[in-house]
Amino acid sequence: MLHKPFAMAALLAASCGAQAAADTDLAAIRSQIDEMKKSYEQRIAALEQKLAAAEAKPSAQPAARTAPVALAAAPSVAPRTEVAAEPVANLRQPAPASGFNPEVSLILQGQYKNMKNIAERGITGFVPAGGHDHGDGAIEGINKRGFSVDHTELVLAANIDPYWRGQAILAMLDGSVEVEEAWFQSLAIGHGVGLKGGRFRSGIGYLNEQHPHMWDFADAPLMYQAMFGTHGSYAQDGVQLKWLAPTPIFLEFGAEFGRGANFPGNDRNKNGSGAGALFAHIGDDLGVSNSWRAGISYLKTAAKGREAHVEDVNGLEAATAFDGDSTTWLADFVWKWAPNGNPAYQNFKFQSEYFSRSEKGHLNCSDDEGAGNACDPLAAGDSVTSRYKTRQSGWYAQGVYQFTPNWRAGLRYEQLDSGTRDFGSNGANLVVDSYKPKKASAMVDYSWSEFSRLRLQYAQDKSMAGITDHQWTLQYIMSLGAHGAHKF
Amino acid sequence: MRKLFLATLLGLATLPAMADLQVFATVPEWGALVQEIGGDKVKVYTATNALQDPHRIDARPSLLARARQAQLVVAVGADLEIGWLPLVLRDSGNAAIQPGRPGYFEAATLVRRLDVPATLDRAHGDVHAAGNPHVHLDPRNVLRVGEALAARMAELDVANAAAYQAGLKAFAGKWQMAMARWEKEAAPLRGVPVLVHHASFVYLINWLGMKEVGTLEPKPGIEPTSGQLTALLARQQSAPARMVLRAAYNPDGPSRWIADKAGIPAVMLPYTVGGTAEAKDLFGLFDDSLQRLLKGMR
């Protein structure tokens with residue numbers, strides 16, 4: 001039954017092509033086509049009736065309702081001429097099995113960076129989130145000058161069945177593949193409930209869920225680097241439960257439990273939950289041109305033997321290990337403006353986040369390199385354990401203006417506060433900096449399309465005491481393949 | 001206490017079901033059609049307006065809140081809303097409106113789509129694998145979608161099934177008469193060559209037998225470049241277009257530039273319901289579009 005209309009459509013298509021080719025003989029061909037049209041019209045009408053009758057039984061073929069298959073009437077771009085006007089029901093060609101392959105997208109990202117050569121780059125007054133702040137295992141990428149390629153991100157996503165959807169994001173870098181995210185998400189629970197399980201970026205804050213290719217600047221804000229390291233986000237293995245309230249304004253609550261293996265916690269060998277997070281979001285439109293979202297989040301995790309390499313009072317290296325609890329509060333606000341709510345040509349986005357973190361427990365200071373540092377002056381293998389109590393905070397604010405479809409420009413200002421740091425008796429052994437790291441960045445980027453972007457960024461970085469680093473970054477972000485929707 | 005909480009939750013969750021049929025329409029044209037069929041039995045929320053580029057919408061928090069409460073999502077499909085709708089549906093926590101469920105309705109899959117690409121390659125711009133999604137500008141498609149939509153509404157809201165069928169019948173009667181009138185009025189437009197900003201009017205042009213001789217966008221989704229505009233202008237010599245069309249949401253600069261240089265009228269069409277003051281509903285949309293096209297011919 002299917003091959004008949006297909007053949008007719010092909011014939012029509014062929015004749016239309018001929019018409020386009022010979023513009024001069026239009027009239028002759030037109031009459032020819034008119035004849036064909038007449039003869040086929042009746043048969044098409046009959047077929048249409050049959051098809052309509054078949055489709056009128058809705059429950060008989062539930063699959064037909066959803067078939068999202070591309071249906072070409074002919075193996076070329078369907079002709080757009082006067083004769084093609086008769087609406088013919090699309091031919092439902094069976095999709096090949098490969099149609100079930102997940103949506104694949106690949107993000108290419110890299111940069112050229114010009115900045116000072118600083119051996120032990122970090123943020124003064126904050127524990128280096130990477131564990132060590134130099135050498136192997138140092139906060140990777142942070143000190144890379146010149147040309148470099150960032151993680152290449154491979155994203156695979158698909159509906160698993162009517163009940164679940166899955167997504168994996170693999171970050172590839174020389175010699176290593178990191179599973180950035182790998183989760184499943186519920187589709188069929190209803191009542192506003194969403195369940196996610198696996199490894200996922202936590203829903204805390206605003207920027208936390210966004211991958212680097214969605215960032216408006218070439219690097220994560222200092223506060224995210226101080227909170228979670230240069231990944232600029234907190235991810236964990238666990239479960240997330242969200243509930244969207246049935247209210248006219250957007251009101252969402254979420255809770256997460258997980259392994260808590262990432263900084264500020266660390267991987268502990270234990271049963272039960274290693275970290276918990278709670279968050280609430282509220283948002284709405286203001287008129288047709290403005291929309292906003294605000295949120296508050298809480299992250300509680302713990303560490304056992306969380307290592308860091310720091311300087312002792314004499315400038316020698318000391319190894320510290322922290323045992324205790326870490327509590328982080330976050331507040332975030334995003335506001336977007338677009339004339340008539342049409343962001344395609346012009347739009348403005350303002351976002352700001354604030355965090356406050358307190359850590360409480362014990363700090364053990366030792367001399368793992370036998371340098372005879374203040375914690376172990378005789379290099380005899382001693383160590384000093386003291387109480388440890390800190391309260392630190394920071395914020396950033398940024399605005400990005402898209403003034404033509406291709407060009408955007410943005411400014412970001414950020415400041416951290418090393419706050420109170422009580423090291424107990426180790427306070428006499430270690431450098432306890434008190435500093436307010438600051439950074440100001442300006443960027444301009446050009447997008448050829450939604451899928452390619454080139455960005456130039458300048459930053460005046462005062463995140464290390466006594467150093468003003470002028471950083472220039474030229475960055476590209478390219479996305480290939482199926483590219484899913486972005487969050488607000 | 002806990003029981004009370006659960007009872008309140010359940011009460012909240014079932015609240016919308018007791019009122020009218022809650023419909024979330026992604027675009028104004030299908031929102032208007034739902035209103036025509038459903039009348040006072042439906043409550044329609046339209047996610048976008050005629051001044052917004054339907055390809056480029058943010059997944060705003062308000063959309064999530066509305067999708068959460070919808071019983072029926074009426075979308076265009078054919079990848080038009082791919083940049084925001086899948087996310088809104090998934091994060092809404094509303095099982096009833098997920099693709100594959102009766103609460104999810106796609107208009108474009110019901111009609112024969114034009115411009116289905118033979119090869120999928122972004123070198124051709126932001127192409128839609130399923131063909132051109134702007135199907136509503138052929139009134140025959142509106143009727144076809146209306147039939148399926150009324151059936152779906154009746155399926156979801158059995159109590160008002162008769163009202164939806166009656167609504168469809170009344171609409172279809174008026175629509176067929178209007179269509180006959182439009183086709184008669186539009187006779188002078190047959191064979192008229194036009195330029196368009198974006199391929200938003202493929203179905204309108206097809207229905208009226210006009211001829212699209214070029215797009216101001218060099219590739220779909222890529223804004224007009226000076227190179228493309230000059231090339232189109234040069235082509236005016238050999239294959240002159242009679243007017244240049246743009247949708248209400250397109251900026252007027254490029255079409256006005258080419259109109260000035262080529263000495264042809266630049267015609268802004270409402271594109272969808274609400275695009276102009278006259279396009280108050282679906283009838284107004286076509287009335288006004290035709291008036292504007294005919295005015296462009298003078």
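How far apart do the C-alpha centres of domain 1 of chain B and domain 2 of chain B lie? I looked this up in a predicted model, where local features need pLDDT of at least 70 and side-chain atom pairs count only at pLDDT 80 or more, while totals for chains, interfaces and linings use all residues. Residues are numbered from 1 along each chain as its sequence is written, and chains are lettered from A, with ligands numbered from 1, in the order in which they are written.

**Entry 1, domains of chain B.** I find the two C-alpha centres 25 Å apart. Domain 1 of chain B covers 21-110 + 124-181 and domain 2 covers 186-297, with bounds that come from an automatic or database domain assignment. The contact between them takes 26 residues from domain 1 of chain B and 24 residues from domain 2 of chain B, where two residues are in contact if their C-beta atoms, placed from the backbone, lie within 7 Å. On the side of domain 1, helix 2 (28-38) and helix 5 of chain B each supply at least two residues, and helix 2 of chain B gives the most, with 5 residues. I took helices (H or I, at least four residues) and strands (E, at least two) as DSSP runs, numbered from the N terminus. That side of domain 1 of chain B divides into 12 nonpolar, 8 polar and 6 charged residues; Ala, Val, Leu, Ile, Met, Phe, Trp, Tyr, Cys and Pro count as nonpolar, Asp, Glu, Lys and Arg as charged, and the others, Gly among them, as polar.

**Entry 2, the sheet 2-1-3-4.** I noted an open sheet of 4 strands of chain B in the order 2-1-3-4 with parallel pairing, two strands being paired if DSSP finds at least two bridges between them. Strand 2 (42-46) and strand 4 (104-106) of chain B are the edge strands, and the twist averages 20° from one strand to the next. Strand 1 (residues 21-25) of chain B pairs with strand 2 of chain B over 5 bridges, and B:Phe24 has B:Tyr45 in strand 2 as its bridge partner. Helix 2 of chain B lies across strand 1, strand 2 and strand 3 (72-75), at about 175° to strand 2 of chain B, whereas helix 5 of chain B lies across strand 1, strand 3 and strand 4, at about 165° to strand 3 of chain B. Axes are lines fitted to C-alpha atoms, for helices over the stretch in contact, and angles run from 0 to 180 degrees between N-to-C directions.

I then followed helix 5 (residues 139-156) of chain B to helix 6 (residues 161-185) of chain B, and found an angle of about 175° and axes 9 Å apart. The two helices of chain B are therefore roughly antiparallel to each other, a class for angles over 145 degrees. Among the residues that meet are B:Leu143 and B:Gly146 from helix 5 and B:Phe171 and B:Trp175 from helix 6 of chain B; the residues of this contact divide into 14 nonpolar, 3 polar and 1 charged.

**Entry 4, the sheet 6-5-7-8.** A further open sheet of 4 strands of chain B has the order 6-5-7-8, with parallel pairing. Its edge strands are strand 6 (211-215) and strand 8 (266-269) of chain B. Strand 5 (residues 193-196) and strand 6 of chain B pair over 4 bridges, and B:Val194 has B:Glu212 as its bridge partner.

Technical notes: Angles under 35 degrees count as roughly parallel, over 145 as roughly antiparallel, 65 to 115 as roughly perpendicular and the rest as oblique.
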